[in-house]
Amino acid sequence: MHLAKSLKIKLLLCSFIPLYLNSSNLETILSEDRLKKFELDEKKVIEDSSKLRKDWINPITYTYSKVDGQTNDYEKSVIRVDQPIFKSGGIYKAIKYADASEKYSNLGINIEKKSLITQALNLLYNIHKMDLEIEKTTFILKNAQIDVQRKKEQVLNGFLDTSYLDNAILDANSAKKNLIDLKYQKKELINKFNNIASGEYEKFDLPTFELVSKEEFINKNLELLQAQANTNTKYELKGMVLSKYLPTLSATYDYTRNHSSTTIVDKETQSVGISISMPFDVRTFNDIEATQIDYLKSKLELKNKILEEENFYKSKLAKIETIEEKIDITKDDYKLYNSLLDTIMEEKNAGLKTTSDVETLLNSSKVKELELKIFKLDKQIELLEIYAKLN
């Protein structure tokens, strides 16, 4: 079937997926400690962003001093406020920069979390795939052992020379070794899965993904959203840096309290005022130009990232189409084996074929059936990589 007919447009999880891994709780595959780490990351982003929003607010300073001199002793406290109330747009830009930074950081956390979920799901798919590979190799081994027995009988009866038997034995031994390697690989995958998962792999049933359109893939792409957020952050920072070298209007307030003094002074004094300041720094142009270059670089990085993601989507589409073609070929083979099996069964009942002939063809049919399931898992693994990039 053509790819456009066999793959739907939306990415969703089928309604028959068990509660363990449905569309809303895929993250439950991760261990509690892993999820707690992401929760703490999110809280830190909130605190860091809140701090950024308040960076334009100067602290109130309190100074206490006590002097014992030969002619003058005093003890006093001073409270001073020097707060900018207008910074040529800098206050507004500081708040916008904090918002942009928070969005950028949160997207980074989402990407990291999605990556870990994808890693866990990829391991889960591959464990199930390894089960199928083990079962498939078991049937291949059975056929190899049947072939060894058949070749042995033919050699003993003088129909074949021993080289044919040697090759059959080598094929059987190769299948045995392959089976041992597959069982080890499965254990290795399970150990990796247990490093990040919230339970044993048997607890989870596999989700089923479907393809998204290219437009949706680009619009909901986490890495592109983060790249756009980075551009917005650089833009707001550019405004902040520029305002740093423009006039600033500040309100000032001083309160002084003399606790004791050998001179006659007021017990308490207060003063309120405003001040205008503007720095003259030989590095001004360099600082402003550097942030402008960073902003332009981020726009180019976004443009390049869009191209990369479009080509990533095309590559995955081509890979999925290739797998679909292999599935179609394997389906044809499976039908052919089943058709031959019916014929061989009839010939066996007529005494024209042996039991081993039937077993060989039956095992080959099982191999093709398992190959179909393996290809379908391969397709899901490719779709998983697309899902990993979506918000």
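## Salt bridges, rings and cores in a predicted model

Across the whole structure, a search turns up 33 salt bridges; a salt bridge here is a side-chain nitrogen of Lys or Arg within 4 Å of a carboxyl oxygen of Asp or Glu. Keep in mind that this is a predicted model, where local features need pLDDT of at least 70, side-chain atom pairs count only at pLDDT 80 or more, and totals for chains, interfaces and linings use all residues. Residues are numbered from 1 along each chain as its sequence is written, and side-chain values use heavy atoms, with hydrogens and water left out.

### Charged pairs

Side chains of opposite charge can pair when their charged atoms come close.

| Salt bridge | N to O distance |
|---|---|
| Arg53 and Asp99 | 2.8 Å |
| Glu223 and Lys389 | 3.4 Å |
| Lys316 and Glu382 | 2.7 Å |

Take Arg53 and Asp99, joined by a salt bridge. Arg53 sits in helix α2 (residues 32-53) and Asp99 in helix α3 (residues 90-156), so this pair ties together parts that are 46 residues apart in sequence. Helices and strands are DSSP runs numbered from the N terminus (helices: H or I, at least four residues; strands: E, at least two). How covered are these side chains? Arg53 has a relative accessible area of 26% and is partly exposed, and Asp99, at 36%, is partly exposed as well. For these labels, buried means under 20% relative accessible area, exposed means over 50%, and partly exposed is in between (1.4 Å probe, protein chains only).

Next come Glu223 and Lys389, whose side chains meet in a salt bridge. Glu223 belongs to helix α6 (residues 222-244), while Lys389 is in the segment after α8 (355-387), so the pair ties together parts that are 166 residues apart in sequence. Glu223 is partly exposed at 25% relative accessibility, whereas Lys389 is buried at 14%.

Then there is the salt bridge between Lys316 and Glu382. Lys316 is buried, with a relative accessible area of 12%, and Glu382 is buried at 8%. Some salt bridges also share partners: Glu223, Lys305, Glu308, Glu309 and Lys389 are joined that way into one network.

### Rings and the charges over them

How many aromatic pairs does a search of the whole structure find? There are 5. Rings of Phe, Tyr and Trp (its six-membered ring) pair if their centres lie within 6.5 Å; planes under 30 degrees apart count as stacked, over 60 as edge-to-face and the rest as tilted. One to look at is Phe217 with Tyr313: the ring centres are 5.3 Å apart and the planes are at 35°, so the pair is tilted. Phe217 is buried at 0% relative accessibility, and Tyr313 is buried at 7%.

Ring pairs also link Phe217, Phe312 and Tyr313 into a cluster. Lys389 turns up again here, lying over the face of Phe312 at 4.6 Å from the ring centre. Elsewhere on the list, Lys238 lies over the face of Tyr295, at 5.3 Å from the ring centre. A charge sits over a ring if NZ of Lys or CZ of Arg is within 6 Å of the ring centre and within 35 degrees of the ring normal.

### Nonpolar cores

In soluble globular proteins, nonpolar side chains tend to be buried together. In this model, the largest nonpolar core has 47 residues, and Ile29, Leu121, Phe193 and Phe209 touch the most other members. A nonpolar core is a set of buried Ala, Val, Leu, Ile, Met, Phe, Trp, Tyr and Cys residues joined through side-chain atoms within 4.5 Å. At least two residues of this core come from each of α2, α3, α4 (162-196), α5, α7 and α8, with α3 giving the most, 14 residues. Another core lies apart from it and has 6 residues, including Ala144, Val148, Val155 and Leu165.
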